[in-house]
Amino acid sequence: MGPLEISSAITAGGHVINMLRTTAEGVKALGKIDLVNQLMDVQLEMMKLLQEHQQLFDANRELQRTIAELAEKLKFQAALKFEPPFYYADGDKTPFCPQCWEADRKPIHLHGPFVRSAKHNYWWECHTCKRDFDSRKSLAGRS
Ligand SMILES: [Zn+2]
């Protein structure tokens, strides 16, 4: 049952409660107090059902949001390319930290490159896991 169907069920339940209220008033006018009490019990049960429907509606919406987030993560993960020693996303020249990605699945951009020596060795820093990574390639060296 999708969110719109649940919402429709809640609206329909509200109509049923109104119909029960009108019926109870009619029965009360006839002096049938026992029937009025039974109708009031039915109204209470219907209100409980509506409350449960609302909770299901909210839970469903939260699940939909979680599914969308997970789908986005899977899409990102599938698009991430490993070019040792780093991971890269399409259209993004800044590498991601291999430690943060492989251990925690956190896509953390590295900072750099910083030149280590005149021999064109470089290093990149991760400000999250505080590791440095050596690389012979500079940013421009990514294929
Ligand atoms: Zn890291």
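User: What stands opposite Tyr122 in β5?

Analyst: Ser135 does. Bear in mind that this is a predicted model.

User: And which residue is the bridge partner of Trp123 in β5?

Analyst: Asp134 is the partner of Trp123. Strand β4 covers residues 122-125, and its antiparallel pairing with β5 runs over four bridges.

User: How many residues sit between the strands in that hairpin of β4 and β5?

Analyst: Six residues lie between the two strands. Lys130 in this hairpin has a positive phi, near 65°.

User: What order do the strands of the sheet have?

Analyst: The order is β3-β4-β5 in an open sheet of three strands, paired antiparallel. The edges are β3 (111-115) and β5 (132-135); each has a single partner strand, so one side of each has no neighbour in the sheet. From one strand to the next, the twist averages 30°.

User: Switching topic. Which residues make up the largest nonpolar core?

Analyst: There are six: Tyr87, Phe96, Cys97, Leu110, Trp124 and Cys126. In soluble globular proteins, nonpolar side chains tend to be buried together.

User: What does Trp124 touch, leaving out residues up to four places away in sequence?

Analyst: Trp124 touches Pro95, Leu110, His111, Gly112, Pro113, Phe133 and Ser135. Leu110 is also listed with Trp124 in that core. Ser135 is the residue opposite Tyr122 as well.

Key: Residues are numbered from 1 along each chain as its sequence is written. This is a predicted model: local features need pLDDT of at least 70, side-chain atom pairs count only at pLDDT 80 or more; totals for chains, interfaces and linings use all residues. Two strands pair if DSSP finds at least two bridges between them. Axes are lines fitted to C-alpha atoms, for helices over the stretch in contact, and angles run from 0 to 180 degrees between N-to-C directions. A nonpolar core is a set of buried Ala, Val, Leu, Ile, Met, Phe, Trp, Tyr and Cys residues joined through C-beta atoms within 7 Å. A residue is buried if 20 or more other C-beta atoms lie within 10 Å of its own, exposed if 12 or fewer, and partly exposed in between; C-beta atoms are placed from the backbone. Two residues are in contact if their C-beta atoms, placed from the backbone, lie within 7 Å.
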